[in-house]
Structures are given as C-alpha cells and as structure tokens.
Amino acid sequence: MEKWIINQPIKEALTNQEPLVALESTIIAHGMPYPKNLETAKQVEQVIRKQGAIPATIGIIKGQIIVGLTEEQIHFLANTKPVIKASRRDLPMILAKGQHGATTVSGTMIAANLAGIKIFVTGGIGGVHRGAAQSFDISADLTELSQTSVAVVCAGVKSILDIGLTLEKLETLGVPVIGYQTQRFPAFYHSDSGYDCDAQVDSPEEMASILKIKWDLGLTGGVVIGNPIPKAHELDKTYMDQMIQTALQDAEKEGVKGKETTPYLLDKMKQLTQNTSLEANIALVMHNAKVGADIAIAYAKCQKNGCQP
Ligand code: PSU
Ligand code: MN
C-alpha cells in the first residue's frame, strides 16, 4: 500500500495547473467538537470552490496519508476515535501502525508539499507557549515553516501563546511574516496583536510574486500570511485575556503536557466562553479560505504566465 496518495479530483487539478488550497484535519478532529467540526470543514471547502480554487483537505486513514479527502473521509475523521494528532515526528509511527491521524499545520505542510500544493489555509498556527523558557514548549509548526515550502494563511496565533516570542522564533528561522492588508500581526480573536509584521501586502498578486521569488531563489521554507479576523467577529480583549489566564491555570493544575496542551487549551477556551470563541474561530477560518483561494488563484497564474509586476 502506498504511504501517501492524492485523490483523483486533486490529481487532475494538479495536472491542469489549477489553483489548489490545502486544508488541515487537526482543526477537525481536535480543534472543534462534532458536528460543528464537520459542518465547518465542508463549508470551508465550499468557500474555496466558490472563490474559484480547489480545496484539498489532508488527513490519515488506516496508515495512509490522503491529499484531498472525500466528504465521507472527512466525516470519518470528524467523529472517529482515536484519531492521532499528527505532526512531523508522529507520521512514521501512525503510517507503520495503520492508525488514523489528523494532520497539524506541520503534518499538513509536509503532505501538501509532497503533492505540490503551495498554499494552505488554517485558523491559527502553533507557536512558542507562554513560559516556554521553563517548559521548552515550542510548536513543531515553527520548525516546519523553516524547512517546508508552503505558505500558510492564518489569523495569526492565539494569545494562549507568547506572540512576541513566536515572532522572534520565526525571525530566527528565516520565515517571512506578512500581513494581508494590515501591518499588524493578527492575534486570532483580535485583528491586532500589538506586534508588527515584516511587511504588509495588499493584493493576492503581490503575495503570489513574493512566494514565487522566494522559492525561485531557493529560499526553502514557508511563509506566514496573517489575515486578521473580520472586525464584526472580533472578541473583547480584556474578557478573552481573563479566560486565557483561567485556561492556562487549569492546564497547570491538571498537569497537562506535550501535544495535549494545545487541544486542552482550545477546548477550555470554548467552554469558558460558552462557544463565542468557537463562533469567532469559524468566522475567521471562512475569511482565511476566501483570501487563501484568491492567493492560490494568483499564484497559479504567476506559475503559468509569469507574475504581475
Ligand atoms: N491553534 C489554533 N487552532 C488549532 C491549532 C492551533 O488556534 O486547531 C492546531 C493546529 O493543527 C496546529 C496545532 O498545527 O494545533 C499545534 O499544536 P502544538 O501546539 O501541539 O504544536
Ligand atoms: Mn507543544
């Protein structure tokens, strides 16, 4: 059995050089509860299609990485247990043991790159956790971004993380952090983290040319495209900061560690905010899907006919 496959519609799209957008599955299996996770996963794909690009959700079923999961396969990962959270280090074991896996940003970047998909849409990426000086808890997403050439459209990182340290780490790793129509790095539930991006880019065409130049130069590695949550869906900062404090204290009390930390914090935040965080999360993912599709379309044009000046 092949260790990874591309489903037929995605194969055809690749052959025809059509614009493709990769999507992760950890957000489905570990980031949101059933059935909201399934509804959201389907809706994100629809937004991308409506915009004129082709979605390819990535996950692992019975030890096989699948690029472009079918609707039934997405449904399966959305309500099956156990589905293992799959970052770079987890892939060999999950594949060898024939297990099911939900790919994180790092796992999804690896599979997208294998398939030749260069644009990837998600909600938020992992980063440097608060207190990382003690815990050493830094997401494998960051090291993946330093070595795998896929651009990740996200709404920044949640303030469950240390945003300043995350940006420092990305600088060290040589990963460009670009604000889409903003100079400010977004903070997931808020459009402005208080930190600047390396550059502001206002059009999909300019974004596409930056990606093309980077990779043509042989500058291997990803790009973080920070797309702020739409104003109407922003949540109150003081309130969210309080909830984050509580969630972090609970994690500490319960001794939550390692790969369980992020899913634990995401779930706690959802409970503490009585689902308002979940609604905001869904809204920002839809917005990222739209922008990601536009960038994929511009990038495909850039590949075919050369970039716009
Ligand atoms: N941040 C979010 N939502 C998510 C994740 C992060 O706001 O669903 C998921 C992504 O799949 C990301 C992973 O790649 O968590 C990072 O996990 P860790 O911090 O364990 O590296
Ligand atoms: Mn971690």
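A nitrogen atom of ligand 1 lies 3.4 Å from a polar backbone atom of G124, a polar contact being a pair of N or O atoms within 3.5 Å.

| Side chain (N or O atom) | Distance to an oxygen atom of ligand 1 |
|---|---|
| D141 | 2.7 Å |
| K158 | 2.4 Å |

The protein covers 93% of the 470 Å² of accessible area that ligand 1 has on its own (Shrake-Rupley method, 1.4 Å probe). This is a predicted model, in which local features need pLDDT of at least 70, side-chain atom pairs count only at pLDDT 80 or more, and totals for chains, interfaces and linings use all residues. Residues are numbered from 1 along each chain as its sequence is written, chains are lettered from A and ligands numbered from 1 in the order written, and side-chain values use heavy atoms, without hydrogens and water.

Of the 14 residues around ligand 1, those that come nearest are E24, K85, S139, K158 and T262 (near: a heavy atom within 4 Å). Helix 2 (26-29) and helix 12 (261-272) each supply at least two residues of this shell, helices being DSSP runs (H or I) of at least four residues.

A search of the whole structure finds one cavity of 30 Å³ or more, a cavity being a set of points on a 1 Å grid over the protein atoms alone where a 1.4 Å probe fits but cannot get out. About 150 Å³ of space lies in the largest cavity, and of its 14 lining residues (an atom within 4 Å of a point), E24, I27, A41, V44 and V285 are the closest to its centre. Helix 3 (36-51) and helix 2 each give two or more residues to this lining, and helix 3 provides the largest share, four residues.

Technical notes:
A polar contact is a pair of N or O atoms within 3.5 Å; within protein, one must be able to donate a hydrogen and the other to accept it, and residues adjacent in sequence count only if both atoms are side-chain atoms. On a 1 Å grid over the protein atoms alone, a cavity is a set of points where a 1.4 Å probe fits but cannot get out, and a pocket is an open set with protein on both sides within 12 Å along at least five of seven lines; lining residues have an atom within 4 Å of a point. Grid points are joined across faces, edges and corners, and a volume is the space filled by probe spheres set on the points.
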